[in-house]
Amino acid sequence: MTVSEALRTAAHDLAGVSDTPRLDAELLMADALGITRSTLLLNRMRDQVPPSFAALLARRQMHEPVAYITGRQDFWTLTLNVTPAVLIPRSDSETLIEAAVDAIKCRPPQRILDLGTGSGALLLAALAQWPEARGIGIEASDVALAIAQSNADRLGYGERARMQHGNWRHPGWHDALPGPFDLILCNPPYVETTAALAPQVMQHEPHSALFAGDEGLDDYRFLIPALPRLLAPCGIAILEIGASQRLAVSALGSASGFDVDCRQDLAGHDRAVILRQTPP
Ligand code: GLN
């Protein structure tokens, strides 16, 4: 069977499992061949189907996400290593970086904080965007922390990024942080505990990174009141939200004295809340 034929068959096999069956098949084939997807697309006709492809496809048919099978996920300008200990960086979350790029017009941020950094995606994307900046990624899971640190080191941000253990549900969690920060990014858990997520999310991704109480708002209630003390006077905080959470999270922002703005993702869903200190 040629690679082209194998891709066609695999895309068909994955149609009931994935919203992007063809893309998934191409990423798994590229991984089996040890090449990038773009090289695959250029060379497809010449390659033999490697024997390992069938096993990768079988894992995907059992709903395992492509990123955990290949161990990699592209995010913003970077390719991050991921394992099931970290949430897979989503293109929705790139909305936070876009919002930061648009909000920061004059003085580039010097000090960046990423709360719940996971794989390190948001912090490292921001460091890629602002070469003068340094940053700290806070993470409650030690296994995730090691992945974030190894991504930082491997991508050349080891000097500018410090990954640090922390849990915003513990009192005094931010006392030792060397603030203030010009930019705070955060993709907290925000899914309602009762939500039925797709099997590839529910069965494979860390629930601690997804679920946040009955309304999915528990973590914002811990986080937002702490932000005024962490932000520099002209700093901004950008938090990812679920599509129905704009009003509730904006109200928490206003109650902590912030001017609040919102940004939508590429699908037109409310995705990021932008908090600025209200000028005196
Ligand atoms: N957007 C993710 C999902 O629905 C949730 C991410 C999060 O809770 N931070 O799968």
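View 1. The shell consists of R90, D92, N187, P189, Y190, V191, L197, V201, L210 and E240, where a residue counts as near if its C-beta atom, placed from the backbone, lies within 6 Å of the molecule. By class, six are nonpolar, one is polar and three are charged (nonpolar: Ala, Val, Leu, Ile, Met, Phe, Trp, Tyr, Cys and Pro; charged: Asp, Glu, Lys and Arg; polar: the others, Gly among them). Residues are numbered from 1 along each chain as its sequence is written. Local features of this predicted model need pLDDT of at least 70, side-chain atom pairs count only at pLDDT 80 or more, and totals for chains, interfaces and linings use all residues.

**View 2. The open seven-stranded sheet.** The strand order is β5-β4-β3-β6-β7-β9-β8, with mixed pairing; strands are DSSP E runs of at least two residues, helices H or I runs of at least four, numbered from the N terminus, and two strands pair if DSSP finds at least two bridges between them. β5 (161-165) and β8 (258-264) are the edge strands, each with a single partner, so one side of each has no neighbour in the sheet.

**View 3. Pairing of β3 with β6.** Strands β3 (residues 111-115) and β6 (residues 181-186) run parallel over four bridges. D114 has L185 of β6 as its bridge partner.

**View 4. Helix α8 on the sheet.** Helix α8 (residues 142-154) lies across β4 (134-139) and β5, at about 175° to β5. Contact means C-beta atoms, placed from the backbone, within 7 Å; angles run from 0 to 180 degrees between N-to-C directions of axes fitted to C-alpha atoms, for helices over the stretch in contact.

Conventions. Two residues are in contact if their C-beta atoms, placed from the backbone, lie within 7 Å.
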